[in-house]
Amino acid sequence: MATNTLTYEGCNYLRQRLILATLSGKTVRVRKIRSKEDDPGLKDFEASFIRLLDKLTNGSKIVISETGTSLLYQPGLLIGGKLEHECNTQRSIGYYLEALVCLAPFTKKPIKVLLRGVTNDQIDPSVDLIKLSTVPVLKRFLGTDEGLELKITRRGAAPDGGGEVIFSCPCRQKLRPLQFTDPGKIKRIRGVAWAVRVSPVTTNRIVDATRSILNQFLPDIYIYTDHLKGSQSGKSPGFGLTLVAETLQGSFLCAEAASNPKGSPKGPTIPEDLGKETAKILLEEIYRGGCVDSTNQSLTALFMVLGQQDVSKVQMGTLSQYTIQFLRHIRDFLQVMFKVEPELKKDDDDDDLQIGGEKLLLTCVGVGYSNVSKAIM
Amino acid sequence: MIDNKPCNHHIRKMEDQTHSVKKHRQPRAGPSADKKKAKNKHVQELTAQQRNPKAFSVQHAVKTSRLVQRSQDIKTKKTHIPLVDRTPIEPPPIVVGIVGPPKVGKTTLLQCLVKNYAKQRLTNVEGPVTVVAGKNRRLTLLECKNDINTMIDIAKVADLVLLLVDASFGFEMETFEFLNICQVHGFPRIMGVLTHLDAFKDNKRMRKTKKRLKHRFWTEVYQGAKLFYLSGMVNEEYQKTEVHNLCRFISVMKFRPLQWRITHPYILVDRTEDITDPETARRNRKCDRNISLYGYVRGTHLKNRSNVHIPGCGDFTIHDMQILSDPCPTPDQEKRRSLNQRERIIYAPMSGVGGIVYDKDAIYIDLGGSHSHNKREEEEVQPANDLVSTLMSTFNPLDEKINTSHMTVFSNTAPISDVGMLGDQPSQESVQEGERVRRKAVFTDVLDDVDDNSEEPKKKKVKVDPTEELVFDDSDDDEGEDGNNAFLKSGFSLSTERVNCTEQSNDDVEDDDTSEESDDDDIEMEEMDLSSKKRGIQSVLGDNISKEKEDGVDSDDEIVLFANKKTSSDSFDQDETFDNDANISDNDSSDDNDDENDNENDDESDAESDAESYDDMDVHTVDSIKSPDEKSVKGSSDTKLISKTRKYSHETKASVESSKITDSESDIESDEGLGDEADDKETDENNESDDDIKETEDVEAEEESESEAEEGHLKWKSNLAELAAESFRKRQKERINYRKLIYGQDAGEELEEEKNDDDDDELGGLFKVLKRKQEKKTDERLSINKTDCSRFFIQTVQDWDLEEVRELIKDCFVTGKWDKSEDAAARLEQDDELYGDFEDLETGEVHKEDNREIDDEEEDSTAEGEDDGERKRTKAEITADEKRIARKKKLKEVFDKQYDMKDDSEFYDSWKQENEIQAQLNRAEFENMDDDVRVNYEGFRPGMYVRVEVNNVPCEFVTNFDASYPVILGGLLNVESNVGYLQTRVKKHRWHKKILKTKNPLIVSLGWRRFQTLPLFAIQDHNFRNRLLKYTPEHLHCHSVFWGPLTPQGTGFLAVESVSGVMPGFRVAATGVVLEMDKKLDIVKKLKLTGTPQKIYKKTAFIQGMFNSALEVTKFEGAKIRTVSGIRGQVKKAVRTPEGAFRATFEDKILLSDIVFLRTWYPVEVPQFYNPVTSLLLPQEQKTAWIGMKTVGQLRWERGITITQNQDSLYKPVERKVYHRKPVTIPQDLQKNLPFKDTPKILQAKKNPIKRVAVIREPKEVKVAKLMNMMKTLDDHKKKMERASMRERVTNHKKKQGTIDKKKQQKQKETKRQIYKALGQLEKKKNKFKK
């Protein structure tokens, strides 16, 4: 069989490459992974991710060189089903969950996975963010949210983790094309202020600070406080805030921040600062705008491509670097290019609406992807 | 009416006159009235249902429910799952396959059809023939050889099949085989054609045969399928009218989309070419070839660089794809019904239709008509032919070859150069003049602009060979230009840059076009261009090393430039504008009278401007040293600057003469292209700072315009500033080309690196370049190993505490301002306009909108004067009209909402509508896009004629090519090029003679592929266990699992045992459908392990002989076991000795003689054998004789080896031992209690325990014994006699006694009678007394 191998260098965007390789069935080779660094080769969290991928698939072949600086991945078929995975604490669960979300609709059996590790940290999107903004995006492509759930049973802050989430997702034969070009106006802002192993007052302090900024825009703001105790609170202290702005058309723009992990050189975070900072990040996100927020751009693009041979169209804000790279990878793996063009403002209105930065329209034709793992009777 | 009135009057008069005659009055009361009433009594009119409600009620509930069920079933059957309509606007030609057994007249029919369509006779038909069949229908006719491979391939691609049947012979096996193949791969339209009908002498027999064949055909295809009769031959051809009728049937045929074909792209190849480097092919005849295949894309969009499968050859990846102009286009939609001669095109490149003309990427066929062939084409074709021939014939090194071939092209092609290759013109005239070079280039551009469509192919040509042009330019340089001619230099570098642009992406050209449009002829626009150019410069600063290199090629000036790298952008810009202004004045004063051909003057002026700019440069360096920022980034700024200033001077000059304007424009454009690109890169790298840059640019633009306005001594300039600003703003909107930002970078990087390598050898200013390279490397390295994170981190958050910043997003919230179409207030107003007049029922007020409107109008008219007022009024009328329409529309919508869609079909209808909308969107989205760009987004859409390059094809494909075997390029979806286990549902075909054996090789046709594999048959038990079967069941579906290419679920497949030659019987062995794919599988076969008890303690037993080690036992701990007699048990634990023995418990005590079973399942491995059928690669004579793996049986048969049989397996005569039953022994205790008769009679059993002893007597004793014997005999006799006499005596006595008894009885009887008589009389007497 003529399966041409795609070769890349470096460990950046490793997840994208592995995900797309799995979905497209192409073999991928990654070389020069941290080859010039003091600690060369794959890190523990990447190894953990590869292990998760191995659990999720059937018949995949993974060859890692002795030094760990090069990796060959020959994908198998996605099986899904019930899984458990101990995520490495170097990265939060979000790192793993993002990839899982991309693969979940194409498994043989509906996926139900239990992940343990760090639920919230400063690098990756937290599980709260995924729950609040990624799940609605997924729902749009699946059609319904039946059997789609992300449950946070335990919270674990960086660096030691101890959190636990359960993610379940139904599998589909095909995805629906998506036309989503009008995000509508923001009707409400919700959020979760969480704290573990710190004083319960922290959450209230965060909420007050956040409201002081956001109330200037919208009255309908409610931020849930989530202070966990005992076994549910993980191993390290921490607190944070995830905010989501919901629009009339059902798009969710999300922003979040978490406190510095225990023992970080930056010292402890002040809750008020964190609240204000998060509010500003949210405003920035709103400024960027679009029908999906910046963390979900790549997921949306992926599912648009994996749809039927129909045109999908979505409005987005400025593309993140990650998304741009993802679009390039999509072209490599699936031979599909996106039409990306700025949305033209309507000329008939002489007074422009102040809706933030430039909005882009992403259009693509699906490749007619169908789930090859799922059995028919 | 007017007439009637007097008439009535007249009648009344008449009545008056005849008053005396009384009118009859019916009786209203009284007996006569009653009588009448009774006679026709009024009966209430009732409907049948009212009269007899019972008859209409549900009387038979079951029957009614069945009726309802049936009607619903019929209704539901009519509905199909709605599909999005993805049929292309201009579909590819319809593939008509002509199929049948040999000698039925396929070729003749094909020839007749071609003759009917093209009015031309084809003698030798090979490969597909495309003809124009009508105004909007083309056909690709294809003959099918009598080979099962070909039949399978054709069934996969044909839209319509003409199934030829020899009526004089009847149906043949091939026909049914083909129909079965079709059923598996999606049923195309099938039309039967009966031939050889003239063979029937008897008319009645013919009629009967026709009918019989027709009915058989109907059962195979569908009831009422069209069967066509071709009655006889005239001059070795079918009758003209009949063929014509057949063609009419073909032309009205409608087609159903087939699942596989609407999801997979494919090409029926109608022309192939070997494009391998002849040198490599010469060196190694067996080397893998690069080929190009031509054909129409069918099915769905085919993407470049995707995987394809060529049935009969193998899997490949598309190396490259191009669109070609349609060789057989559908005639334009004109009013006329019939086609004219020119439009009757036939395209059959493999058949060698006369007068073929080759081009690089197209083939033209001369039909000989005077209309069809014009001279221009010939002219174009001529040089291309030369090109090809030079390329083919010479055996020189490659670069030489390219050079020579190009030279010939240019020398021969005055007309071509006229139309324009960009690179060639400068090469020819560069010796004379730099200006001219550019002008020519521009001229072509303008031309392109004017008639964009017509020049398309040529443009492409330019794009295709940028390297060649580059080479060309270089050679010019070598020819000995004086290096001081900076003007020329700049021009030259520009042209190369331009080439780069085109190389990087085709899109550049588009950009240029758009910019041109905006420029057009206005002189003023040039200024604006300049400003944009500056932007270009700025943004280029960053990372375009390559450009720097190019500019710097062998010019001493540039070396200087390398030194000044550090420039802060602001100062730079200001300076530049200054410069430019100075230049303008200079040029205006001195160069106005310059002719474009005047070499020296130009040079002088350029020199001047050069000098100036150099001075400036120095200033910059001083400046820039101070600014420490962005040192490494601003690479080529100064180089650019120089060239820009030069150009500027040139432009100003050119502005005087309109002819020159166009010239300079082109340069600017090319620059812009670069600039844009660079922009993109910049934005790519630091997205965040983007806004800042924009701002600064704004400022610059303003400054610029201001300074220019201040100049003011030329009137047009003041206007220009405004225009420039405006267009600048406009540009800024569409400034970022996202396409290049995202997709265009990689190519650019590669290019840069290459350039770097080149320069290392040549340049003196090497040191800095290297350093930067190093830097870049480290940068790259950092980026490739950066943290992989999807979050969008922002370096600089906007200051949201500021009111102005907050204002930026205030309308994102529901509290903000709304769009007019959505704003509640605005909509309310709109509604008012529509439903303006209404009556408030409570108050009784009537609100009128008309008044208000009129008032408004009046106001308007008074305000604006009469003329305007009139215009307004008409407008108002229109709006009123529109309003009415809008109102009606709205009402209708409301009505529809209420009354339509309330049916049970609501869901279905809305689904259908959704699909409709999607289909419209699919069509509209890329509709207005240029095809070159469009194919990037959606792939090559069906209906396009394309050229596909495929590399590394086995050389046999080329050497053994036979056009009569169809070549199909089947596109594969993403996962389909991988292999895995396929689980399928399969059924042996009932017409196939043998049953199929597990693990025997079968040739499977699945998807596009044909391959040999080793299937395992299995059946699914009720607990979903797949149990292995040794053979396929006779009339039952079973599962089969084999190793093969992953193919989507639901795809049909068929299996044949062999594809070589003709076998007796029905060749299709089995058909089936794919259910599931996996990389592992779970087929099991039954395994029974046996053991024997070693020791038995009550219910526990130690079993041995079942396992070989304790480990094995541990694996089976807790497993269920069973004895032959059915006593169930469980494996408990291994014991130490003997090895493999274990303790087990049973539900009852087992016997030592019992055998213990363990029933278990053993997984079976499916051999990973996948062998594609490579029938296309075989030599011509063996094409139909592909043989893959053989069965062991076949091999034995071929080699005459008999099976070595296991002696144990042989049958022997059965010898049965006689069965001896053991006697029943009854215990003593029991015997005692038995009744006597049931007791075993032991005495009897002991009857003759004494054995007789032979006695030998003495003679005396013998005498005695004799005497005794005699006496005994006598005695016996005496006794006998006595006994007999006694018996006689007794009988006599009995007789006597009998008579005595009789008498005695009679006597007694008599006495009794008398006594009774007496008693009776006594009684009588007594009674008498009583009375």
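Arg261(B) and Asp159(B) are both buried (under 20% relative accessible area, with exposed meaning over 50% and partly exposed in between, for a 1.4 Å probe and protein chains only). The two residues form a salt bridge in which the closest N and O atoms are 3.5 Å apart; a salt bridge is defined here as a side-chain nitrogen of Lys or Arg within 4 Å of a carboxyl oxygen of Asp or Glu. Arg261(B) belongs to helix H11 (residues 259–263) of chain B and Asp159(B) to the loop between helix H7 (148–157) and strand E4 (160–166) of chain B, so the pair ties together parts that are 102 residues apart in sequence. Helices (H or I, at least four residues) and strands (E, at least two) are DSSP runs, numbered from the N terminus.

The model is predicted, and local features need pLDDT of at least 70, side-chain atom pairs count only at pLDDT 80 or more, and totals for chains, interfaces and linings use all residues. Residues are numbered from 1 along each chain as its sequence is written, chains are lettered from A and ligands numbered from 1 in the order in which they are written, and side-chain values use heavy atoms, with hydrogens and water left out.

Over all chains, the structure holds 51 salt bridges. One of these links Asp310(A) with Arg86(B), the closest N and O atoms being 3.1 Å apart. Asp310(A) is located in the loop between helix H7 (297–305) and strand E16 (311–316) of chain A, and Arg86(B) in the loop between helix H5 (61–78) and strand E1 (94–99) of chain B, so the pair joins two chains. Asp310(A) is buried, its relative accessible area being 3%, whereas Arg86(B) is partly exposed at 33%. A salt bridge is also formed by Lys313(A) and Glu925(B), with the closest N and O atoms 3.1 Å apart. Because Lys313(A) lies in strand E16 of chain A and Glu925(B) in helix H38 of chain B, this pair likewise joins two chains. Lys313(A) counts as buried at 17% relative accessibility, and Glu925(B) is buried with a relative accessible area of 12%. In chain A, a network of salt bridges links Glu84(A), Glu86(A), Arg116(A) and Glu164(A).

Helix H38 (residues 906–925) of chain B also contains Ala919(B), which counts as buried at 7% relative accessibility. When residues up to four places away in sequence are not counted, Ala919(B) touches Val84(B) and Asp85(B), contact meaning heavy atoms within 4.5 Å. The C-alpha atoms of Ala919(B) and Val84(B) are separated by 5.7 Å, although the residues are 835 positions apart along the chain.

Chain A contains an open sheet of four strands in the order E1-E2-E5-E4, with mixed pairing; two strands pair if DSSP finds at least two bridges between them. Strand E1 (6–9) and strand E4 (61–64) of chain A are the edge strands, each pairing on one side only. On average, neighbouring strands of this sheet are turned by 15° against each other, direction ignored. Strand E2 (residues 28–31) and strand E5 (residues 71–74) of chain A run antiparallel and are joined by three bridges, with Arg29(A) opposite Leu72(A) in E5(A). Helix H8 (residues 321–334) of chain A packs on the sheet, touching E1 and E2 of chain A, and its direction makes about 155° with that of E1(A). Axes are lines fitted to C-alpha atoms, for helices over the stretch in contact, and angles run from 0 to 180 degrees between N-to-C directions.

H8(A) is mostly covered, with 11 of its 14 residues buried; among them are Tyr322(A), Phe326(A), Leu327(A) and Ile330(A). Just after H8(A), Gln335(A) takes a positive phi of about 55°. Helix H3 (residues 93–103) of chain A is mostly covered, with 11 of its 11 residues buried.

The largest nonpolar core has 122 residues, and Phe167(A), Leu327(A), Ile330(A) and Phe338(A) have the most contacts inside it. Such a core is a set of buried Ala, Val, Leu, Ile, Met, Phe, Trp, Tyr and Cys residues joined through side-chain atoms within 4.5 Å. H3(A) gives the most to this core, with nine residues. Not counting residues up to four places away in sequence, Phe338(A) touches residues including Leu327(A), Ile330(A), Tyr743(B) and Tyr937(B).
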